[in-house]
Amino acid sequence: MITRIEIDGFKSFEAFTVNFHPFSAIVGPNASGKSNLFDAIQLLSLLAKVDVREAIVSLRGEPEELFRTSNLQQSEHIKIAVELLLPPSGIDPFGTTYQVKAQRLRYEVSLGMRRDSSAVVSGIFVESERCLRIKKSLDKSEFVAKLYKDINYGGNIGEFLTTEVDDNGNPVFRIRQDGPNKSGKPKTIPAKEASRTALSTTTSAEFPHLVAVKTFLENISFLEINAHNARRESDRFTQKTMLPDAANLSAILARIKEETATDYQPDGALIDISQSLARLIPSVKRVHSVTSDDRKEYSFEVEMANGERYSSRVISDGTLRLLALVTYLNDPQRSGLLLFEEPENGVHEGRIQSLTEILREATEFNNDDYFQVLVNTHSPVLMCHLHDDEIISADLVSYLVDGIARKKTRMRSNPSPQHAMFDPEEHLTRFEIEKLLRSQGSAA
């Protein structure tokens, strides 16, 4: 999970930092930077698995628009750093199990924009990367502080990935082989105009800590559920991990049933999905996965307490959104981090408390499950059901640089009154956050 992120030069972020818990909600009006934060995390995820060009064009906006612009001044660099809490073990893509001796790691990456002689952008490249362990004495995470006795900090392990200059004066990425019985010369990769991160090239258990970071980042999931797409049938070749719009929900339900079915419980984990949905909609009895007679297509039905069954074609949008969410949360293949856009959309206010409780319960920490959920919302109703340490308030703040007005995203956490009395730049009260939502919530 991500316990801290630092962003500079990306969209509305300048010298930005924020800390996360297993369940955190970014609360703020429209255009305050909530979605930009999710975009930054998605960029980091994409850079762990594809080249820079593919990562950049996969995000909203033109490539140049990702670099912060304020009053006609544009940043030439994007810098993102994350502090992570990783599981103590994992399996690499080749099926080899590895151990993570240092579970608290920091990963940093910097992208640079190059221009030709006519000042036209000619490319975006990886400028530098770094991955190192976080020492226990320097670990400032309030959440992790409660787990010190259960966290391995790795003793005297050094840096796993650095950007240096070789004997010929050329930049290189230097990767330390830290796997079992690995103590040879570090692996080096040319870093001049690098078109992809060194992290994305690391796949084997010879580099367990980097593989753990890569695995976590590339498996970050994003949900912005589209009810129209979620009600579609899926064919047997559809992707079997949840798409951001949940367009393959039918296939996910079929796969979960097949993977978890037993002689005693032929529906497998569909029972858990049904029970979760019934917590949100008490009239629901059972979710059914339906396979066509030729076994080429999947669909689903929802059975109500009175025995009536409804196909996905007639289920309400709100029910579909909730079904997609609880399906993801009960999926044995769910990832370590879920980014969920506006969970309140299409959901009756009376169900938001139960929805919040289900999200919170899904992130209850134990040594076998390091699952994290980050949501963004502009709903005062959802906010009233959040704990103080789960709230991160977002807004745009104006400031002057050499007499020129600029704006940037600011996020403040833990809205307790006593904090706000001492440092309003770091904290807001619930009253102040709700006032901000109601006064600016309709802004474009």
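A residue is counted as buried when its relative accessible area is under 20%. In the present structure, which is a predicted model, S24 has a relative accessibility of 1% and therefore counts as buried. S24 belongs to strand β3, which comprises residues 23–27. From this position, the side chain of S24 reaches the backbone nitrogen of H21 at 2.9 Å. When neighbours within four places in sequence are left aside, the contacts of S24 are V373, L374, V375, E390 and I392.

Aromatic pairs were examined next. A pair of aromatic rings is described by the distance of the centres and the angle of the planes. Three aromatic pairs were counted. One of them is formed by F38 and F222, whose ring centres are 6.3 Å apart; because planes over 60 degrees apart count as edge-to-face, the angle of 90° places the pair in that class. The pair links distant parts of the chain, with F38 in helix α1 and F222 in strand β14, 184 residues apart. F38, at 0% relative accessibility, counts as buried, and F222, at 15%, also falls under the limit and so counts as buried. A further aromatic pair, that of Y328 and F371, is tilted, with 6.3 Å from centre to centre and 35° between the planes. Since Y328 lies in helix α8 and F371 in the loop between α9 (352–362) and β20 (372–377), this pair ties together parts that are 43 residues apart in sequence. Y328 and F371 are both buried.

The largest pocket has a volume of about 810 Å³. Its lining consists of 38 residues, and those closest to the centre are Q42, I220, S221, F222 and P244. F222 is thus both a residue of this lining and a partner of F38 in the edge-to-face pair. At least two lining residues are supplied by each of α1 (34–47), β14 (221–223) and α8 (317–329), and the largest share, seven residues, comes from α1. By residue class, the lining of the largest pocket contains ten nonpolar, 16 polar and twelve charged residues.

The second largest pocket has a volume of about 550 Å³. It is lined by 23 residues, of which P87, S89, T215, S335 and G336 lie nearest the centre. Both β7 (89–91) and α4 (208–218) supply at least two residues of this lining. The lining of the second largest pocket divides into twelve nonpolar, eight polar and three charged residues.

How values were computed:
Residues are numbered from 1 along each chain as its sequence is written. This is a predicted model: local features need pLDDT of at least 70, side-chain atom pairs count only at pLDDT 80 or more; totals for chains, interfaces and linings use all residues. Side-chain values use heavy atoms; hydrogens and water are left out. On a 1 Å grid over the protein atoms alone, a cavity is a set of points where a 1.4 Å probe fits but cannot get out, and a pocket is an open set with protein on both sides within 12 Å along at least five of seven lines; lining residues have an atom within 4 Å of a point. Grid points are joined across faces, edges and corners, and a volume is the space filled by probe spheres set on the points. Helices (H or I, at least four residues) and strands (E, at least two) are DSSP runs, numbered from the N terminus. Ala, Val, Leu, Ile, Met, Phe, Trp, Tyr, Cys and Pro count as nonpolar, Asp, Glu, Lys and Arg as charged, and the others, Gly among them, as polar. Buried means under 20% relative accessible area, exposed over 50%, partly exposed in between (1.4 Å probe, protein chains only). A polar contact is a pair of N or O atoms within 3.5 Å; within protein, one must be able to donate a hydrogen and the other to accept it, and residues adjacent in sequence count only if both atoms are side-chain atoms. Contact means heavy atoms within 4.5 Å. Rings of Phe, Tyr and Trp (its six-membered ring) pair if their centres lie within 6.5 Å; planes under 30 degrees apart count as stacked, over 60 as edge-to-face and the rest as tilted.
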